[in-house]
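Trainee: I'm new to this one. Could you walk me through it, one question at a time?

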Amino acid sequence: MPTNNVLQWLDGRGWLIFSGASEAGSDIRATALERAAADGGVAYVWIGDDAAKAEIQGDELLDDFESLGAPSGYMVNVLTEDDDTIRDRLSEASVIVVGGDATISTIRSALLGAAAEGIQAAFENGAVVLVEGTGIVLFGSWLLLETEILTAGMEWLNNALMLPGVTSVAQSIEAQEILRGQPAAIAVGIGAGSALALGPDGELEVWGQGQVTIAFGSHYTI
């Protein structure tokens, strides 16, 4: 498991990039493409509560990446396609982009299982995984549902509580409560226009506007 100070993340030969929001034409998207291997396509996963709207937004996502010079890409509908197809189409990609405007519960249901397995297989083989907006909450050890129930995440970033759109963890009441209840937790806030990028050899980089903040539970003495 790669480590940089207290942050530990999933083993893999690729890059794991958490962006605070989906932004067309952003430097974050362009830089993510620069880190990708030359071979392989781009798999796009866009999750929405409204299927028709999600299809339009997914096409816009694909068009934006193509305008940035991305190789040929394809959409993967993790809500409707069968598990084998989802797993195979994701695992063969060199870049995977995960975005959406759905609720946390919808994104969680969509990604757990075959989608997560396919994304992990690609990442382990060297793919760049760019997760934008709400979807980043799934990749920590804990996540807070809309019902304010704290539940387990996928644990790609060990002990983390991921907070998209948050520029100051100290100002998040929910984060402070979770840090008090989970002393080993690490709250990671990533503002819109900013990203946290984690590399295969322990690289930790902050992209974009640099609005990435980290707060620690009482377990840590820093």
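What follows is a chat about the sheet, the cores and a few single residues.

Mentor: Before we start, this is a predicted model, where local features need pLDDT of at least 70, side-chain atom pairs count only at pLDDT 80 or more, and totals for chains, interfaces and linings use all residues. Residues are numbered from 1 along each chain as its sequence is written, and side-chain values use heavy atoms, with hydrogens and water left out.

Trainee: In what order do the 7 strands of the open sheet run?

Mentor: Helices (H or I, at least four residues) and strands (E, at least two) are DSSP runs, numbered from the N terminus. Two strands pair if DSSP finds at least two bridges between them. Here the pairing is mixed, and the order is E5-E4-E6-E7-E3-E12-E13.

Trainee: Which are the edge strands?

Mentor: Look for strands that pair on one side only. Those are strand E5 (73–75) and strand E13 (204–208).

Trainee: In E6, what is the bridge partner of Trp46?

Mentor: Strand E4 (residues 42–47) and strand E6 (residues 95–100) run parallel, joined by 6 bridges. In E6, Trp46 is partnered by Gly99.

Trainee: What angle does the direction of helix H2 make with that of E4?

Mentor: Helix H2 covers residues 51–67 and packs on the sheet, touching E4, E5, E6 and E7; touching means contact, that is, heavy atoms within 4.5 Å. Axes are lines fitted to C-alpha atoms, for helices over the stretch in contact, and angles run from 0 to 180 degrees between N-to-C directions. For H2 and E4 the angle is about 150°.

Trainee: Which residues touch the most other members of the largest nonpolar core?

Mentor: A nonpolar core is a set of buried Ala, Val, Leu, Ile, Met, Phe, Trp, Tyr and Cys residues joined through side-chain atoms within 4.5 Å. Buried means under 20% relative accessible area, exposed over 50%, partly exposed in between (1.4 Å probe, protein chains only). This core has 48 residues, and the ones touching the most other members are Phe18, Leu90 and Leu111.

Trainee: Which helix gives the most to this core?

Mentor: The helix in question spans residues 114–124 and contributes 6 residues. Its buried residues include Ala114, Ile119 and Phe123, and the buried residues pack against E3, helix H3 (83–91), E6, helix H4 (104–111) and E7. It's helix H5.

Trainee: Which residues form the aromatic cluster?

Mentor: Rings of Phe, Tyr and Trp (its six-membered ring) pair if their centres lie within 6.5 Å. The structure has 4 aromatic pairs. One cluster is made up of Phe18, Phe123, Phe139 and Trp156.

Trainee: How far apart in space are Leu196 and Ser19, C-alpha to C-alpha?

Mentor: Leu196 lies in strand E12, and it counts as buried because its relative accessibility is 0%. Its contacts, leaving aside neighbours within four places in sequence, include Leu16, Ile17 and Phe18. Leu196 and Ser19 are 177 residues apart in sequence, yet in space the separation is 6.6 Å.

Trainee: Why is strand E11 largely enclosed by the rest of the structure?

Mentor: Both faces of E11 are covered, with Ile186, Val188 and Ile190 on one side and Ala187 and Gly189 on the other. Strand E11 (residues 186–190) is largely enclosed because of how many of its residues are buried: 5 of the 5.

Trainee: Is Glu155 buried or partly exposed?

Mentor: Glu155 is found in the loop between strand E9 (150–152) and E10. Its phi is near 65°, a positive value in a residue other than glycine. Most residues other than glycine have a negative phi. With 45% relative accessibility, Glu155 counts as partly exposed.

Trainee: And what is the phi of Asn159 near?

Mentor: Asn159 lies in the loop between E9 and E10. At 23% relative accessibility, it counts as partly exposed. Its phi is positive too, in a residue other than glycine, with a value near 65°.

Notes. Rings of Phe, Tyr and Trp (its six-membered ring) pair if their centres lie within 6.5 Å; planes under 30 degrees apart count as stacked, over 60 as edge-to-face and the rest as tilted.
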